Amino acid sequence: MTVATSTGTPYGQRLGETVRARGALCVGIDPHPALLDRWDLPRDVSGLERCARGLVEALGETVAVFKPQSAFFEAYGSAGIAVLERVLADCRAYGALSLLDVKRGDIGSTMDAYAAAYLADGSPLAADAITLSPYLGFGSLRGAIDLAVSNGRGVYVLALTSNPEGPQFQYAVTAEGRTVAQTIIDEASALNAASGLPIGPVGLVVGATIGRNSFDFSRLGGSILAPGLGAQGAGPEDLADVFADATTLVLPSASREIISAGPDPEALRQVAAGWLARIGPILSVG
Ligand SMILES: O=C(O)c1cc(=O)[nH]c(=O)n1[C@@H]1O[C@H](COP(=O)(O)O)[C@@H](O)[C@H]1O
């Protein structure tokens with residue numbers, strides 16, 4: 001088993017370099033059972049492994065970031081988690097970054113244990129970055145953020161999610177008079193400013209589907225993961241709308257849209273290259 005070790009280089013720097021070399025696209029590894037059918041693979045752990053690792057094999061040299069969705073691996077129990085470990089190792093071997101989508105969020109002491117699982121050097125499930133949920137309060141994530149920073153890793157905190165239910169809480173106004181989402185944006189901005197880095201370690205998740213908006217990302221100083229391309233209906237023109245005022249690195253992400261082009265590696269490369277060609281002119285690398 002290959003275990004992750006930190007490079008000592010800050011996550012934002014590694015992300016910036018990789019995106020400059022390969023373009024701003026994150027490919028989500030979401031091996032839905034229906035996609036295994038489409039790839040003519042069995043709906044079992046061998047199918048999971050061939051789909052997930054086949055995707056990285058086809059795109060590992062050209063795509064900047066892979067985002068394995070932990071749920072699809074957890075569904076197969078310990079054997080699925082073992083596949084996830086191998087997928088994370090594959091990403092490293094190809095020089096792509098891994099962003100593990102686990103959306104964790106818990107009381108501080110438990111967060112520290114999640115952080116040890118996903119952000120500590122030597123952990124088999126360590127990724128270059130993970131997704132976090134701030135529902136227990138932004139401060140509850142502090143242990144994970146601190147560990148990420150000390151290991152040259154990053155986090156992406158859910159701010160404005162791509163699903164239609166998101167606004168129920170995210171647009172709510174807090175006692176301070178700001179929306180929940182703006183509070184998250186501002187908390188991340190403060191931590192990134194304190195890091196003194198051009199691309200700080202605290203990213204945000206902002207759905208490519210949320211439309212034109214008046215949230216203020218101008219002081220973020222970190223990267224933005226933008227899921228929702230393709231299967232959830234967002235296209236390049238939506239990125240232009242949502243991020244009209246963003247001055248930071250935006251990383252659009254698609255899962256089903258890309259995977260469904262497989263299993264032919266050339267077809268996978270073409271669909272990824274097609275998205276890159278369409279979104280490249282819209283987004284600045286930051
Ligand atoms: O954190 C995420 O990645 C995420 C946040 C969000 O707001 N919306 C969202 O779709 N995602 C994830 O991004 C992936 C989207 O998959 P596709 O709709 O197939 O591209 C899924 O793994 C989602 O869990």
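Visitor: What do the numbering and the confidence limits rest on?

Guide: Residues are numbered from 1 along each chain as its sequence is written. The model is predicted, and local features need pLDDT of at least 70, side-chain atom pairs count only at pLDDT 80 or more, while totals for chains, interfaces and linings use all residues.

Visitor: What is the mean pLDDT of the protein?

Guide: The mean is 95, and 97% of the residues reach 70 or more. pLDDT is the predictor's confidence in each residue, from 0 to 100. Among the elements, helix α10 (residues 236-242) has the lowest mean, 93. Strand β2 (residues 65-68) has the highest, 99. For the complex, the predictor gives an ipTM of 0.99 and a pTM of 0.97.

Visitor: How many helices and strands are there, and what makes a run count as one?

Guide: The protein has 12 helices and eight strands. Both are DSSP runs, numbered from the N terminus: helices are H or I with at least four residues, strands are E with at least two.

Visitor: Which residues does the domain annotation cover?

Guide: The UniProt annotation, from an unreviewed entry, reads "domain: Orotidine 5'-phosphate decarboxylase" and covers residues 24-271. UniProt positions are given in the numbering used here, feature names are shortened, and annotations may be inferred rather than shown by experiment. The span is 41% helix and 18% strand, and its end C-alpha atoms lie 14 Å apart.

Visitor: Why is A129 called buried?

Guide: A129 has 27 C-beta neighbours inside 10 Å, so it counts as buried. The cut-offs: buried means 20 or more other C-beta atoms within 10 Å of the residue's own, exposed means 12 or fewer, partly exposed is in between, and C-beta atoms are placed from the backbone. A129 sits in strand β4. Buried residues make up 50% of the 286 residues.

Visitor: What does A129 touch?

Guide: Not counting residues up to four places away in sequence, A129 touches Y11, L99, R153, G154, V155, Y156 and G203. A contact means that two C-beta atoms, placed from the backbone, lie within 7 Å. Across the protein, of contacts with a separation of 6 or more, 75% join residues 24 or more positions apart.

Visitor: Why do D101 and K103 get separate labels, when each lies in β3?

Guide: D101 has 24 C-beta neighbours inside 10 Å, so it counts as buried. K103 has 18, so it counts as partly exposed. D101 is in contact with K67, P68, Q69, S70 and T131, leaving aside neighbours within four places in sequence. K103 has a positive phi of about 45° although it is not a glycine.

Visitor: Why is D40 called exposed?

Guide: D40 has 9 C-beta neighbours inside 10 Å, so it counts as exposed. The residue lies in the loop between α2 (33-38) and α3 (45-59). D40 also has a positive phi, about 60°, although it is not a glycine.

Visitor: And how do you know whether A277 is buried or exposed?

Guide: A277 has 11 other C-beta atoms within 10 Å, so it is exposed. Its place is in helix α12.

Visitor: Which residues of α7 are buried, and what covers them?

Guide: In helix α7 (residues 142-150) the buried residues are G143, A144, I145, L147, A148 and V149. Their cover includes α6 (108-119), β4 (129-132), β5 (154-160), α9 (180-195) and β6 (200-206).
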